[in-house]
Every structure is written in structure tokens, then in C-alpha cells.
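Please look over the sequence and the 3D structure shown here. A short report on the main features comes after them.

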Amino acid sequence: MNDTNQFENTLKNGPPARKVVDGNRSRVVINIVRPKVDQAIARMCEILLPTDDKNWGIKATPIPEIAEMTGDKRMTVDPQTGEPTGMTADEEAKIVVEAAKKSALSMETSIDDSLTECNFNGEERKMVENGVRLGSGVLYGPFPARQSSKVWLPQPDGTQVMQINESIVPATMSLDPWDVFFDPSCGNDHQRGQGFFIRRNVNRKELRQLIGLPGYDPDAIKDVLRTNPCRVRVAEGRVLRDVVEEDSYELWQYHGEIEPDEMEALSSRTGDPLDNVNFGVLVMVNDTVIGAMDSWVSDRTLPIDVWCWRKADDSPYGYGLVGELENQQRVVNSAWRQVMDNGRTSLGGQIVMKKGMCIPQNGSYEITPNKIWLAKDDLEDVRQAFSVFEFNSHLQELLAIAQAAMQFADMETSMPQIMGGEQGSAPETVGGMVMLYNNANSVLRQRVKLFDDHVTKPHISRYYDWKMANDPDQNIKGDYEVDSRGSTALIERDIQNQALLNLANITNNPRYTPLLKEREELRAILKAFKVNPDDLMKDEETVEQEAAAMAEQGAPQDPRMAAAELQMQAKQMDLEDRKEQRQFEMERNQKELEFRQQNLQYNAMREQSEAEQSSVDSQLSRELALAKMEQDGMMSREELTRRERIEMIKIQDGRERFNAEAALRINTGAGI
């Protein structure tokens, strides 16, 4: 390998690994760079390339004259005829503004279609990955590209013939920063330089496909195909060209200014260096110019954008996230390797013994479980001949070093672990988590804003210039400006989504309804729920048709009046339900009262019957007792009369007491 290739390999892959002097040392590696890089790439792409929105837009440039007409209620006149137009200045301004908005939306749709055809989002993801990993991401475009489409046409005999249609469309491509070379005098702004070179490898098939494209010389391409491929390299201050065996040519494309003396070497055109500076494109293979064309950029800027993870002071190429983590990666590796080495030495003890004083029974000095050692008879204490020494484990100290290095890595890269999904020591409250997340994203938002300034706005502006110069559709033409909003596409959207979900409660207020755009509000709310509005919402034409049909049937009722009537009907139904409930409860109470009275009467009759039965039983008992007494001759007649009177009094008293208690139960529902 030559010196130049070694130098380029060192720049791409870093310095060669140092040779390990001690082969017994641990060489494990904990890669903290890769997750940080993947995390940064994912977050940048998530913000810059949302799936349901764009990080840019086209809006009409404000016109001072129209701004002055806004709000003016005076009638206007036709400047040519002097006749009144029948409209106020405010109405004319609204018409002009709406027409400009419609044209700007058409231009935005046209640019978006072109970006979709060239897989713009995929190329931009490659650029972001190069910017994070290598420090610089390069996006080239728009440039003219050939687009082919096939159509099967029916023939009179019933067969189908395929027709291939080709057209030139704008496209964008991400370039490897190692294959892009800017003017050395540009400093850290590539647009200050005269131009740039692009290097790429092409095979013979790709060279043949260039024949027929505007600006390419078919004879020069054929001459190149007759030669062997060669590579350009620099050694000892000289430019050398090495013939290679691979069937791959090195194609160099230059885009920028061409000085008159350089143009004289290519053609017969010469002139003043101040007046005849050409701005074009040259394509070379094997030192042969195979293509030459004027630049397609109208404002003579370079159709290339560079985004750096961290800019350099003297070069358009910057520094990547990998370089920021280099030192802490070494610290983590060193600490973890020491943990492994310390574990190896502290896991088992070091054995010291006097050889000959202790002899293994099996003759082998290898340490094995349940092994028997034989000590000499004159050895009083075996510890004098055989001892084991343990080394201290410094696991906690070494792990603390690795943990500190991880924290320093978070601090140096401004990519804390919370952005990768790890909570760490973050507070568990919702407000605390939101504040911490917003603070963690502050540096990332700044990088996204720089991406908008250095890539999105100039790149989309060149597409706008291309459409203005080459698109035949006159409805999209107008004075517009690019609105780059990558910094708010996702980070601020999380906060906006939470606000939109609560916004419906406010917009239901009749005072605010006339001031809001209801259709736009619904679209924003559906997006907050991660739903594509076009899948659920009717298009404006369908809404207008349905509104016209309803107007023919009669003026529709105001939704607010309909809602009020529904609420009134619901309240009336609620009142009727309550009235029926009260009537039912009254009837139920009346029936319960009647049942209780019937139950009391029944109980009184039963108690009276039981009292009469008790009286009869008492009379029979008395008569039986008297008969027995007479039979036995134990009582005199006077005694019998006295006792009979006493018994009668008791019976009369019991009857009166029963009647009084029965009357009391009937009147009060309770006895004594």
C-alpha cells in the first residue's frame, strides 16, 4: 500500500491499533460510541423527517401594497377605465392573498412530488448519518437526472407494445464526504469557493448510459472506453495515475466557475478574467473531458449543502460525535480492562510453599478439589511450609472510574441517557420528566436549527428556482419564500399535541367559534392522535356539495340551537321521569299503610279469639276444681262462693285489660 492510501486510510479509520505488549492483559471493549451515534442519528431524523409532515413549507412573500389595503373599507376603481370595481380595498386584498396562498400551495405540492420521486428523505437520512459519524454530511442537488417510465400501448392487431418515455427531472443525492473536494480557499463556508469536485467510480455500462444526455460528448466517451481505467493519486508532490485491473473508471465532476485561461485550454474561448468567467459543469474520466454544460443553478450558487455535527474554523468539514467520545471511550475501555485483570488476580489466592516440606499424594502440584498433601514428620505447623495469600478486589473503585467516564461522555456530547430511553436519576413526576426532557433536547434543537439554515432552506430554495425556470405549469409560479421548520416539526409538536387535545373544550364556546378555522382545527387534532386527516376527513368539494344539497332542502338548523334543544328535551325527560318516580313512591307508601292496618286488625281479632278461648279454658278449669273440691269435702260452700267471686274478678280484669290493649293497638299500632 502506498503512502497516500495509508494516509487516507488513517483519516477514514483512525490510527492503527497499538500492539499489545503483555498478551495476558484483557483486551475487552465496551462500545459507548455506537449507541450514542445511533441515538443522535435517530433523534435528528425523527425531528427533521416526520412521517406525517414536512420540515419545510412554501409561503407567499408579503407585499407592502397589499398589507396597506388590508382593513381599508373604501371602494376601489379600475386604474385603466376609472370605473368603480364594486369592491372595497380590503376585499381586493383578500382575493390577492388567497390567490397567492393557493399558488404557493401548488408550488409546495410540486416540489414535494419531485422530492418524493428522488427519495429525498432517504438521501437526507444518509446525509445525517454521515454528519454524525464522520462530522460532515453532504447533500448534492438539485441536479438534472433521467427519469424513465414505461407504457404498454394497444395495437390494432390486439397486441401490446411497450413504449419507454424519458424526461429530465430534478433529483437530490447524498455524497460520501471523502469523495467531495472543495476549493481550499473557501474557509469553513463552501459557498465562498469557486467550485467543487465530486469523485465516483463508474463501470463501462454506466459510461455508455451517459451517451445521449445533454452536454456529453459521445466521441469522448467512446475514446475513454477504449482505454484502461486509472486512478489519480498524489505522491511526493506529484500527481500520478495508476492503471488498475478492476473494470471501474474514476469519474470526476467539477461544478463552479471556470477561469478564462482554463477555458482556453478546453476550447478556443478566451477573454477578460473579469468579464468572461464561465459558470458551468465539467465531467472528466481518465483526464478526458466527456461532458461540458452550463450550470442549471440560476443564481450561480453551488448546488451542494454541507451540515456538520460540530463546525471547524478553517474547513467546510467538521467534527463528528465519534471524535467527541474518543477520550471517554478509552477511559471506559481502560477501566473495564482493569476490572477484568483485577478479577483474574483476586479470584484465586497466590500459594507459597516450601518445596519438599509438603508433597502432593498424587505427585502433581496442580491445585484440584479434595486433594491430599503429605507433610514431613518434623514439620510441626503446616502453615510454616504452606500459605495462601489473597489480593484485594478494587471492583468498586474501578467501576466508579467507568461510571464517571460515562457521565463525562454525556456532558461532552450533550446527549444524556434520558434521550436514549433510560431514566437514570430523573424525577418520576410528569412535570419533572417533561422539564428534564426539554432541557436535554435544547442542544439538539440548536443543531436542528442550524440544519434548517445550512441545508433545508437553501436546498428547497434551489428547487423553487428550478421550478420557476423549467416547470411549464404557470399556476405554481409566483414570488415565494421557503419556511424551514425542522426545529418545531417534532420537539415542539409534543407540547402542541397536548394543548390541542384540550383545545376542543375551549373552541366549543360560542364566542370563539366564529373566529376559528374549524377544518384546520380538526386536522391538527387528528394529527395529535397520530391519525392521517385525509383518511377520515371529507374533501372540501364533497363538503360543499353536501352543503348545497342541504340548502336546497331548506336552511339547516344552527348546530348550537340544535344542541340547546337537545339539552332542553333531555331536561324535560328528566323532570317527567322524576315526577313518575314520586307518583310511584306515593302509591307504594299508601299500599304499605293499608297493609299495615289490615295486619293490625287481624292481630286484634286473633288476640280476642285467644282471650275468649283462654276464658273458656279458665271456666272449665274452675268448674273441674269445684267439682273436685265438693267431691273431696275439703271446702265449705262459703269458701267456694268467695273463691268463685275472686276468680270472676280475675277473669273480668283480664278481659278489660285485653280490650284496652286491643283498642290501643288499633289506634296507635303498638301495645303497652
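## Overall picture

The model is predicted. The protein has 20 helices and 18 strands. Of its 672 residues, 29% are buried.

Among contacts with a separation of 6 or more, 65% join residues 24 or more positions apart.

## Helix α13 and helix α2

Two packed helices are described by the angle between their axes and the distance between the axes. Helix α13 covers residues 442–470. Helix α2 covers residues 33–48. Their axes come within 11 Å and cross at roughly 55°. The two helices are therefore oblique to each other. The crossing of α2 with α13 is right-handed.

Which residues of α2 and α13 meet? From α2 come R43, M44, I47 and L48. From α13 come L444, V448, F451 and D452. By class, this contact of α2 with α13 holds 6 nonpolar residues, 2 charged ones and no polar ones.

## Helix α13 and helix α5

Helix α5 spans residues 120–133. The axes of α5 and α13 come within 14 Å, and the crossing angle is roughly 150°. That angle makes α5 roughly antiparallel to α13. Here too the crossing is right-handed.

On the α5 side, the contact uses F120, E124, M127 and V128. On the α13 side, it uses F451, V455, T456 and H459. The contact of α5 with α13 counts 5 nonpolar, 2 polar and 1 charged residues.

## Helix α13 and helix α4

Helix α4 runs over residues 89–117. The axes of α4 and α13 come within 10 Å and cross at roughly 105°. So α4 is roughly perpendicular to α13.

M107, S110, I111, S114 and L115 stand on the α4 side of the contact. I460, Y463, Y464, K467 and M468 stand on the α13 side. These residues of α4 and α13 divide into 7 nonpolar, 2 polar and 1 charged.

Leaving out residues up to four places away in sequence, A104 touches I58, K59, A60 and Y480. D479 is 375 residues from A104 in sequence, yet their C-alpha atoms are 8.5 Å apart in space.

## Between α4 and α5

N119 is in the loop between α4 and α5. Its phi is near 55°, a positive value in a residue other than glycine. N119 is partly exposed, with a relative accessible area of 43%.

## Backbone features elsewhere

D287 is another residue other than glycine with a positive phi, here near 65°. D287 lies in the loop between β11 (278–285) and β12 (288–294).

Where is the cis peptide bond from G141 to P142 placed? P142 lies in strand β4, residues 136–154. The omega of the bond is near -5°.

G215 sits in the loop between α6 (204–209) and α7 (218–225). At 32% relative accessibility, G215 is partly exposed.

What does G215 touch, not counting residues up to four places away in sequence? The partners are I290, G291, A292 and M293. A292 is 77 residues from G215 along the chain. Their C-alpha atoms are separated by 5.3 Å.

## Cysteines

How many disulfides does a search of the whole structure find? The search finds 0.

C118 is buried, with a relative accessible area of 15%. C230 is buried too, with a relative accessible area of 13%.

Terms used:
Residues are numbered from 1 along each chain as its sequence is written. This is a predicted model: local features need pLDDT of at least 70, side-chain atom pairs count only at pLDDT 80 or more; totals for chains, interfaces and linings use all residues. Side-chain values use heavy atoms; hydrogens and water are left out. Axes are lines fitted to C-alpha atoms, for helices over the stretch in contact, and angles run from 0 to 180 degrees between N-to-C directions. Helices (H or I, at least four residues) and strands (E, at least two) are DSSP runs, numbered from the N terminus. Angles under 35 degrees count as roughly parallel, over 145 as roughly antiparallel, 65 to 115 as roughly perpendicular and the rest as oblique. A crossing is left-handed if the near helix is turned anticlockwise from the far one by less than a right angle, and right-handed if clockwise. Contact means heavy atoms within 4.5 Å. Ala, Val, Leu, Ile, Met, Phe, Trp, Tyr, Cys and Pro count as nonpolar, Asp, Glu, Lys and Arg as charged, and the others, Gly among them, as polar. A disulfide is a pair of cysteine sulfur atoms within 2.5 Å. Buried means under 20% relative accessible area, exposed over 50%, partly exposed in between (1.4 Å probe, protein chains only).
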